[in-house]
Amino acid sequence: MTISAVPSRSALQEACAVAGFDAVDAEPVRIAENEIWRLPNQHLIVRIARPGQWEAAVREVRVARWLADNDVPAVDALPVDQPVKAADRPVTFWKELPPHENGTVLDVVNLLKRLHPLPIPEFPLGRLDPFVRIAERIDAAATLSEDDRDWLRRRHVELSEQWAKRPAGLPECVVHGDAWVGNVARTDAGPLLMDFERVSVGPPEWDLVSTAVKMTTTGAVSAAEYTAARSTVPT
């Protein structure tokens with residue numbers, strides 16, 4: 001069943017009823033692969049994940065609670081029995097953030113410096129997979145020519161082989177997996193880490209890749225920002 005075949009508001013209402021919340025005033029925040037809804041009168045956020053992502057949703061809630069236990073500033077998973085399954089989709093519930101904006105590169109680095117030294121938790125996290133769902137997305141892309149699709153498939157294989165043979169680096173630890181300014185919320189109380197879908201065990205260097213790419217390829221991060229962030233990392 002495709003995501004579009006499931007009436008998302010029905011899934012939202014079903015999940016909220018199970019968890020003890022009222023979805024009558026729900027407002028969509030983002031409707032994409034993962035849907036985000038806001039319940040304004042209850043100051044909470046509802047996240048509806050894709051079908052088949054139950055284990056990932058369980059891990060996200062566990063990671064949020066583990067971060068709270070270890071004093072790492074992060075979004076709060078509500079203290080209810082969750083995830084909830086509705087219309088075959090895992091649904092999770094989160095405390096709504098106060099007014100905020102995206103974090104800075106320095107915020108990202110400072111939060112990673114609090115995350116990476118933590119001992120690996122007892123609950124399963126899985127191994128970092130830099131190529132998660134890449135093959136599926138190449139196959140499903142509707143705007144690619146077959147030549148382009150074949151090139152992307154070959155490139156995917158090449159990069160996977162290079163990743164498997166990468167040189168040894170720093171000791172592995174818990175990594176965020178998708179660390180960039182859009183996954184840090186800067187509030188009046190300070191920056192908070194969010195979006196734990198890719199949290200796993202892997203090389204800590206991976207959490208710096210997004211920032212480096214944004215400097216070298218898109219220009220979204222300036223050389224000055226990158227240099228300032230690097231200066232805070234012990235060598």
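Which residue in β2 is the bridge partner of Pro28? In this predicted model, the bridge partner of Pro28 in β2 is Trp37. Residues are numbered from 1 along each chain as its sequence is written, and side-chain values use heavy atoms, with hydrogens and water left out. Because the model is predicted, local features need pLDDT of at least 70 and side-chain atom pairs count only at pLDDT 80 or more, whereas totals for chains, interfaces and linings use all residues.

Strands β1 (residues 27–31) and β2 (residues 35–39) run antiparallel and are joined by 4 bridges; they form a hairpin with 3 residues between them. Strands (E, at least two residues) and helices (H or I, at least four) are DSSP runs numbered from the N terminus, and two strands pair if DSSP finds at least two bridges between them. β4 pairs with β5 (residues 89–95) in the antiparallel sense over 3 bridges, and Val84 stands opposite Val91 in β5.

Axes are lines fitted to C-alpha atoms, for helices over the stretch in contact, and angles run from 0 to 180 degrees between N-to-C directions; contact means heavy atoms within 4.5 Å.

His176 is placed in the loop between β7 (173–175) and β8 (184–187). This residue is buried, with a relative accessible area of 1% (buried: under 20%, with a 1.4 Å probe and protein chains only). The side chain of His176 reaches the backbone oxygen of Asp195 at 2.9 Å, and a polar atom of that side chain lies 3.1 Å from the backbone nitrogen of Asp178. Not counting residues up to four places away in sequence, His176 touches several residues, among them Leu112, Leu115, Met194, Phe196 and Asp207.

Conventions
Buried < 20%, exposed > 50% of the residue type's maximum accessible area, 1.4 Å probe, protein only. Polar contact = N/O pair within 3.5 Å; in protein donor to acceptor, adjacent residues only side chain to side chain.
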